[in-house]
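We will go from one residue out to whole chains, and then look at where the parts meet.

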Amino acid sequence: MFIQLGMETAKILIYDGSFNGFLTTVFKAFEEKLPISDIQSNGLCQNGLFSETETVFTQMDKAKRVWNGIQAKSNTAIKNVYFAYLSGQKGIELILYRYIKKLFGQAGIAVNDFSDTLILKISQLADNVRREKHRMEAFVRFQQTQDGIYFANIEPDFDVLPLISKHFRSRYADQEWIIYDVKRKYGLHYNLESVEIISLDLKEVYSNSMLKKDVFSSTEYAYQHLWNDYFKSTNIKSRINPKLHTQHVPKRYWKYLSEKKQAV
Amino acid sequence: MSFERVREKLNILADAAKYDVSCASSGSTRTNKNKGLGNSTGMGICHSYAEDGRCISLLKILLTNHCIFDCAYCVTRKSNDIKRAAFKIQEVVDLTINFYRRNYIEGLFLSSGIFKNADYTMERLVSVAKKLRLEENFNGYIHLKSIPGASDELMYEAGLYADRLSVNIEIPTVSGLKLLAPDKKHEDFTKPMRKVKNEILRYRSEKKHLKNTPIYAPAGQSTQMIIGATGESDKDIMYSATHYYRTYRMKRVYYSGYVPVAEDSRLPVIGSQVPMLRENRLYQTDWLLRFYGFDVREILNNDYPNLDIDIDPKLSWALRNMHLFPIDINTADKRLLARIPGIGMQSVNRILKARQYRKLNWEHLKRMGVALNRAHYFMICSSRYWQQKDLDPATIKGLILQNSKGKFRNKYSSQLCLFN
């Protein structure tokens, strides 16, 4: 926490919960030199006993200026800010605000100062999100629906959909696909032209169930069968190592992996 | 296609291909052009892991397990009484495309038993890759096995469609090869390697002048050696690996602990343990050579022909070279930092960046993730407290082993169990 200046009481700023909203809030705090006691998303705000609250409305031009400002300081910094923000950790906004203040406060660029607790923390949080992004690029399992859409449900630890969109778009450019985050209730839909954000009224979660569903094509189950077989035949029994296996494929992801059908 | 028939073939031919350990799917430069399928740029992805903990990144299968050779170490050798099968080219294409579309794999790793002759087999492998690239517009990763003895023309064509090519040398020494695979000549292995190396070099030099030079094996070539089938020392293996890295510009040499697959008086008996720990130590050495600036002669030489099993090769080297330590973390250059046991390249890079701001102490290093339990005997930092006593190497080793928990520790513990 930093020291309050003058007689002004510290404020809690409330924003709409979007990344651009957060950046707008940072802009406001900098411009008006506000003493801040917290930055909260409007969904989850909690009033402090002695602090005023103020709602900040997202303004793209201001958000853009903060983004560009950080990026001009360092490319690593802007990536770390965005990735760490997506970690959604409780209180991340205030930590990031302090991080950004630090970036602008010093003459040199401090993003590499790993002996600084705050900087190391942001860098590690960003790494965690980066790992989850990479995991999702690996663990998404598409199932082909009757009408030819490749559909996948995911439940990642962090909000990584915005980060994986480009990867899947350039990889599966010739097939229609949907990746839907059941935890955060939104998804990506690629319609062979562009990727759009969608929200669906899913009646059920499509995990790797043993039961066949009507929505998926019959060849879909044939290929799942082949894949499951392959998963088994490629294993060398005399080298079995369950600890290493679960270290690489943690159990919380098994639900959506068709090759772990029998294990769940 | 008939799923039942394909299923049976897949079971046989995936089972036969699994002893090939290469799983890399990185290092290619094939981008998705004109809305095709797949993209293999930059880093590879491990889509799953088998229960043995090995990564599954590629659909790893043999085209067929019919083979005219009788190599003692190989599960598909002619004299082995097993079920044989062969895929049709279209079946492999369909499997690859459909697995890829569901995000199961990064691509295909296609190998084969040798039927009729080397060229005939190689031609079939190339035609799978060609079909995937030209007819299916597939930009995923393709790893083809170079068949020992295949002609230069076919090896050239293979490189046009594949991202990586590999020939498995299997037995690290020429004498071992004579013993276990009498039908094969050492030159049969090196000929396609040399061709691929020369083509890659030619591609690189032509590319400078002609922009549209057809891309050739962008992810380079690799090879594999079986560990523990014949009596090679670790020195033999690593010197041989170094030779392949240098002479053929290998991207990777893989070490594969021998899994006994045959009753043969020349080989370990079926059921004997796979030398997984030794394999691990060899990989650690490989990493020290490729990323940490070590020379193979520093780690293995006539005085030390084998790696220590109970400690890692860097620690073992450090204990033999105590006169070089302690190293000051705040001033030493990158090359020296990388030589401190317990400090990996990630920590080295963090230290180099962080020490520009202030002198680093124990607390900083610990937070950055340095394995201090090993490192602190070999370094000094900005603190009044460090290992001041002149400890001898044996004591340090003892202390490290006592205060750490290695994942393989139970495998070589000499302590007797009281209640067993």
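Leaving aside its neighbours within four places in sequence, which residues is B:Met368 in contact with? Keep in mind as you look that this is a predicted model.

**Stop 1: B:Met368.** Select B:Met368 and show what surrounds it. Beyond its neighbours within four places in sequence, B:Met368 is in contact with A:Phe114, B:Ser347, B:Arg350 and B:Ala354. Color helix H13 of chain B, residues 362-368, and you will find B:Met368 in it. B:Met368 counts as buried because 20 other C-beta atoms lie within 10 Å, and 20 is the cut-off for that label. If you like to check distances, pick the C-alpha atoms of B:Met368 and B:Ala354: they are separated by 9.7 Å, and the two residues are 14 apart along the chain.

**Stop 2: all of chain B.** Now select chain B and switch to a cartoon view. Chain B holds 16 helices and 12 strands. Its radius of gyration is 24 Å, close to the 22 Å that the globule rule gives for 420 residues, so chain B is as compact as a globular protein of that length. Of the 420 residues in chain B, 45% are buried. Among its contacts between residues at least 6 apart in sequence, 69% join residues at least 24 apart.

Stop 3: Where they meet, 10 residues of domain 1 are in contact with eight residues of domain 2. On the domain 1 side, helix H8 (276-291) and helix H9 (296-299) of chain B each supply at least two residues, and the largest share, six residues, comes from H8(B). By class, that side of domain 1 of chain B has five nonpolar, three polar and two charged residues.

**Stop 4: the two domains of chain A.** Move to chain A and color 11-131 as domain 1 and 140-260 as domain 2. The C-alpha centres of these two domains of chain A lie 33 Å apart. Here four residues of domain 1 are in contact with four residues of domain 2. The domain 1 side has two nonpolar, two polar and no charged residues.

**Stop 5: where the chains meet.** Show both chains together. How many residues of chain A are in contact with chain B? There are 40, and they touch 45 residues of chain B. Highlight H5, helix H6 (161-171), helix H7 (218-233) and helix H8 (242-248) of chain A, which each give two or more residues to the side touching chain B. H7(A) provides the largest share, nine residues. By class, this side of chain A has 20 nonpolar, 12 polar and eight charged residues.

Stop 6: In soluble globular proteins, nonpolar side chains tend to be buried together. The largest nonpolar core in this model has 169 residues, and those with the most contacts inside it include A:Ala84, A:Ile179, B:Leu13 and B:Leu110. Helix H5 of chain A (residues 117-139) brings the largest share of this core, eight residues. Finish by selecting A:Ile179: apart from neighbours within four places in sequence, its contacts include A:Val140, A:Ala152, A:Phe168 and A:Leu188.

Methods:
Residues are numbered from 1 along each chain as its sequence is written. Chains are lettered from A and ligands numbered from 1 in the order in which they are written. This is a predicted model: local features need pLDDT of at least 70, side-chain atom pairs count only at pLDDT 80 or more; totals for chains, interfaces and linings use all residues. A nonpolar core is a set of buried Ala, Val, Leu, Ile, Met, Phe, Trp, Tyr and Cys residues joined through C-beta atoms within 7 Å. A residue is buried if 20 or more other C-beta atoms lie within 10 Å of its own, exposed if 12 or fewer, and partly exposed in between; C-beta atoms are placed from the backbone. Helices (H or I, at least four residues) and strands (E, at least two) are DSSP runs, numbered from the N terminus. Two residues are in contact if their C-beta atoms, placed from the backbone, lie within 7 Å. Ala, Val, Leu, Ile, Met, Phe, Trp, Tyr, Cys and Pro count as nonpolar, Asp, Glu, Lys and Arg as charged, and the others, Gly among them, as polar. Domain bounds come from an automatic or database domain assignment. The radius of gyration is taken over C-alpha atoms; the globule rule is 2.2 Å times the number of residues to the power 0.38.
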